[in-house]
Amino acid sequence: MFREMRRFKQQLSEEEAVQILENGKTGVLAVLGDEGYPYTVPINYVYTDGKIYIHCANSGHKLDAIRACDKVSFCVIAQDDVVPEKLATRYRSAIAFCRARVLDEDEEKRAAAMALGLKYYDNSDVVEEEIKIYMKALACVELTIEHLTGKLSKEHI
């Protein structure tokens with residue numbers, strides 16, 4: 001169902017791709033947008049228990065697109081160093097092909113928001129207070145990974 005990587009020598013192991021997801025700060029979510037145009041957006045996320053969680057406002061382009069088509073991709077770039085003298089870039093990245101589900105239950109949403117908040121700020125009291133303030137306007141989305149690939153530049157090989 002998913003394509004084999006053409007440059008298979010540059011493919012990372014699944015464990016290395018997971019490490020990129022675990023350690024990344026920002027990812028790029030790609031959805032099928034309005035009129036069939038791809039829509040991509042950089043977004044904070046957390047990877048936990050084998051799933052990716054994101055947050056957003058409870059209305060807007062992302063959620064409309066996800067509700068229309070739950071197939072999404074999510075890319076995280078771990079390294080992006082231009083090597084000018086070689087006209088190349090030394091990179092490491094991971095792409096997850098996922099099914100997206102908007103979390104409807106408050107407890108699921110609270111747990112996802114807490115995990116996300118604690119990834120970026122390590123004070124659970126402060127994170128919990130923020131969640132209480134914004135809970136009604138908050139949406140959380142769970143991305144279940146169906147296929148994960150990681151790749152590094154040939155300069156690494």
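**Entry 1: a charged pair.** I began with R101 and E142, whose side chains meet in a salt bridge at 3.3 Å, N to O. I count a salt bridge when a side-chain nitrogen of Lys or Arg is within 4 Å of a carboxyl oxygen of Asp or Glu. R101 lies in strand β5 and E142 in strand β6, so this pair ties together parts that are 41 residues apart in sequence. Helices (H or I, at least four residues) and strands (E, at least two) are DSSP runs, numbered from the N terminus.

**Entry 2: ground rules.** The model is predicted, so I kept to its limits: local features need pLDDT of at least 70, side-chain atom pairs count only at pLDDT 80 or more, and totals for chains, interfaces and linings use all residues. Residues are numbered from 1 along each chain as its sequence is written, and side-chain values use heavy atoms, with hydrogens and water left out.

Entry 3: Which residues are linked in a network of salt bridges? I found K51, R101, E108 and E142. E108 and R101 meet at 2.8 Å, N to O, while K51 and E142 meet at 3.6 Å, N to O. K51 lies in strand β3 and E142 in strand β6, so that pair ties together parts 91 residues apart in sequence.

I then looked up how covered these residues are. My cut-offs for relative accessible area are under 20% for buried, over 50% for exposed, and partly exposed in between, with a 1.4 Å probe and protein chains only. E142 counts as buried because its relative accessibility is 9%. K51 is partly exposed at 25%, E108 is partly exposed at 30%, and R101 is partly exposed at 35%. The count for the model comes to seven salt bridges.

**Entry 4: a lysine without a partner.** Next I checked K62, which is found in helix α2. K62 is buried yet has no salt bridge, and the nearest side chain of opposite charge, D64, is 11 Å away. What does K62 touch, not counting residues up to four places away in sequence? I listed L29, Y39, V41, I43 and C56. A contact here means heavy atoms within 4.5 Å.

**Entry 5: the cores.** In soluble globular proteins, nonpolar side chains tend to be buried together. I looked for nonpolar cores, meaning sets of buried Ala, Val, Leu, Ile, Met, Phe, Trp, Tyr and Cys residues joined through side-chain atoms within 4.5 Å. The largest core has 30 residues, and L29, I52, I54, V72, F74, V141 and L143 touch the most other members. Elements giving two or more residues to this core include α1, β1 (26–32), β3 (51–57), α2 (61–68) and β6 (138–152). A second, separate core of twelve residues includes Y53, M114, I131 and M135.

I took a closer look at I54. Leaving out residues up to four places away in sequence, I54 touches L29, I43, N44, Y45, F74, L116, A139, C140 and V141.

Entry 6: E35 sits in the loop between β1 and β2, and its phi is near 60°, a positive value in a residue other than glycine. E35 counts as exposed because its relative accessibility is 76%. D49, in the loop between β2 and β3, has a phi near 50°, also positive in a residue other than glycine. D49 counts as exposed at 75% relative accessibility.

K9 is found in the segment before α1 (14–23) and is exposed at 66% relative accessibility. How many residues apart along the chain are K9 and S153? I noted 144, with their C-alpha atoms separated by 9.7 Å.

**Entry 7: the whole chain.** To finish, I stepped back. The protein has four helices and six strands, in the order α-β-β-β-α-β-β-α-α-β from the N terminus on. Its C-alpha trace spans about 50 × 40 × 25 Å along its principal axes. Of the 157 residues, 36% count as buried. Among contacts between residues at least 6 apart in sequence, 69% join residues at least 24 apart.

Methods: Lys and Arg count as positive and Asp and Glu as negative; His and the chain ends are not counted.
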